[in-house]
Amino acid sequence: MTMSNTGGRRKPPTIHDVARVAGVSRGTVSRVLNGGHYVSPAAQEAVNAAIRKTGYVVNRHARSLITGRSDSIGFLLTEPQEKLFEDPNFNVLLRGCTQALAAHDIPLLLMVAGTEDERRRIMRYITAGHVDGVLLVSSHSGDPVAEQLRDAGVPLVQCGKPMGLGSKVSYVAADDRDGARDMVRHLLSLGRRRIGVVTGPLDTPGGVDRLAGYKEVLTEAGVEIDERLIVSGDYSRAGGQAGAERLLERAPDMDAMFVASDLMAQGALTALRRAGRRVPEDVAVGGFDDSTAATESVPALTTIRQPYDRISHEMVRVLLAQIGGEDPAAVILPTELVRRDST
């Protein structure tokens, strides 16, 4: 390694140093750094060993000037900032995506756009080329972000089925409808017949599909759909409490409740406790997600487990494939009923 002329400080190793130590050409080192295409296994191992020996670190700025890529990915949450801290699911997804990208040595940039002004600023940043692609989380119908990103040619993978964009946008989702069906079947198997539901937002695919699964199973079981037993929520703890209070007022004979997220179910448990209803003796309660909110609740929540680790890794896999030139793809993953003390 060469010495600088000022103070004897060592210069950082260069790609030329790696090539010299590995005994290969600079072009071979460059191909290894850009994916290892057209490089023999022996040459690749020699380059990797030389990188470790010299301590060479890729100059991302210089490489981006050559490749036209930023070598970073955006994690875009189109919700108010407080949702990031309140809802444990977002943090699980963020951690999983960060870990999946770390295996490719790609940093993840967190972006929150809960207002129109924030969306405009972040769209300018993204479309200026500061990220190579976007992992989009929690997009409501009428939210223009997914369509704007698609129209701008930005590689995009959405968490959850996109509403209104069909096969034009890649997505990874849990099977919300089937998960809801499993939960309602479970409540029916306990002998419960007056099953209320606090839905998710009905401008989101999860909200729509979980309500559809609830209705389908009741219809199959010959249980009449009673609109008094259906109220909407917003995936927040306060929304779950308010929804449960409305159900208790409208249907005091309710003997079970399917709440479309664990966080809302925590709020529902508070409402039931204040109303003097025992869980599960008087009212059985089922949630959705299997987040930390489910295990921290008293009693612990029976819920539907979403495979968040798989969702995160599949989102990253599909996005990197799309950045590499592949067509949009859709992945739907199965859910699982987890029985605990609330039913």
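Predicted model: local features only at pLDDT ≥ 70, side-chain atom pairs only at ≥ 80, totals over all residues.
Figure 1. The side chains of Ser236 and Asp234 make a polar contact of 2.6 Å. Leaving aside residues up to four places away in sequence, Ser236 touches Glu86, Leu263 and Met264.

**Figure 2. Tyr235, a residue with positive phi.** Tyr235 belongs to the loop between strand 7 and helix 11. The phi of Tyr235 is positive, about 70°, although this residue is not a glycine. Most residues other than glycine have a negative phi. Is Tyr235 buried or exposed? Tyr235 is buried, with a relative accessible area of 18%. The cut-off for a buried residue is under 20% relative accessible area, so Tyr235 at 18% is counted as buried.

**Figure 3. Asp105, another residue with positive phi.** Asp105 is not a glycine, yet its phi is positive at about 60°. Asp105 has a relative accessibility of 53% and counts as exposed. The exposed class begins over 50%, which means that Asp105, at 53%, is placed in that class.

**Figure 4. Two cis peptide bonds.** Most peptide bonds are trans. The bond that joins Val279 and Pro280 is cis, with an omega of about 10°. Pro280 lies in the loop between helix 12 (262-274) and strand 9. Another cis peptide bond runs from Val298 to Pro299, with omega near -5°. Where is Pro299 placed? Pro299 is in the loop between helix 13 (292-296) and strand 10 (303-305).

**Figure 5. Gly286 in strand 9.** Gly286 is part of strand 9 (residues 284-286). This glycine is buried, with a relative accessible area of 0%. Which residues does Gly286 touch, not counting those up to four places away in sequence? Gly286 touches Met183, Met257, Phe258, Val259, Thr302 and Thr343. Gly286 and Asp182 are 104 residues apart along the chain, and 10 Å separates their C-alpha atoms.

**Figure 6. Helix 1 and what covers it.** Helix 1 spans residues 15-22, and its buried residues are Ile15, Asp17, Val18, Ala19 and Ala22. An α-helix has 3.6 residues a turn, so residues three or four places apart point the same way. Ile15, Val18, Ala19 and Ala22 are among the buried residues of helix 1. Helix 2 (26-33) and helix 3 (41-54) are included in what covers the buried residues of helix 1. Gly23 follows helix 1 and has a positive phi, near 75°.

**Figure 7. Lys53 in helix 3.** Lys53 is found in helix 3. Is Lys53 buried or exposed? Lys53 is exposed, with a relative accessible area of 69%. Lys53 and Asp175 are 122 residues apart in sequence, and the distance between them in space is 47 Å, C-alpha to C-alpha.

Figure 8. Met163, Leu202 and Val208 form a nonpolar patch on the surface. Together these residues have about 230 Å² of accessible area. Val208 is in helix 10 (residues 205-220). With a relative accessible area of 34%, Val208 is partly exposed. Patches take residues with over 30% relative accessible area, so Val208, at 34%, passes that cut-off.

**Figure 9. The whole protein, for orientation.** The protein has 14 helices and 12 strands. Its C-alpha atoms fill a box of roughly 85 × 40 × 40 Å, taken along the principal axes. How many of the 343 residues count as buried, as a percentage? Of these residues, 53% count as buried. The accessible surface of the protein comes to about 16300 Å², and carbon and sulfur atoms account for 50% of this surface. Among contacts with a separation of 6 or more, 69% are made by residues 24 or more positions apart.

Notes
Residues numbered from 1 in each chain as written. Heavy atoms only, no water. Patch = residues over 30% accessible without salt bridge, like charges linked within 9 Å, V, L, I, M, F, W, Y side chains within 5 Å. Areas by Shrake-Rupley, 256 points an atom, 1.4 Å probe, with all protein chains shown as cover. Salt bridge = Lys/Arg side-chain N within 4 Å of Asp/Glu carboxyl O. Helix = DSSP H or I, 4+ residues; strand = E, 2+ residues; numbered from the N terminus. Buried < 20%, exposed > 50% of the residue type's maximum accessible area, 1.4 Å probe, protein only. Polar contact = N/O pair within 3.5 Å; in protein donor to acceptor, adjacent residues only side chain to side chain. Contact = heavy atoms within 4.5 Å.
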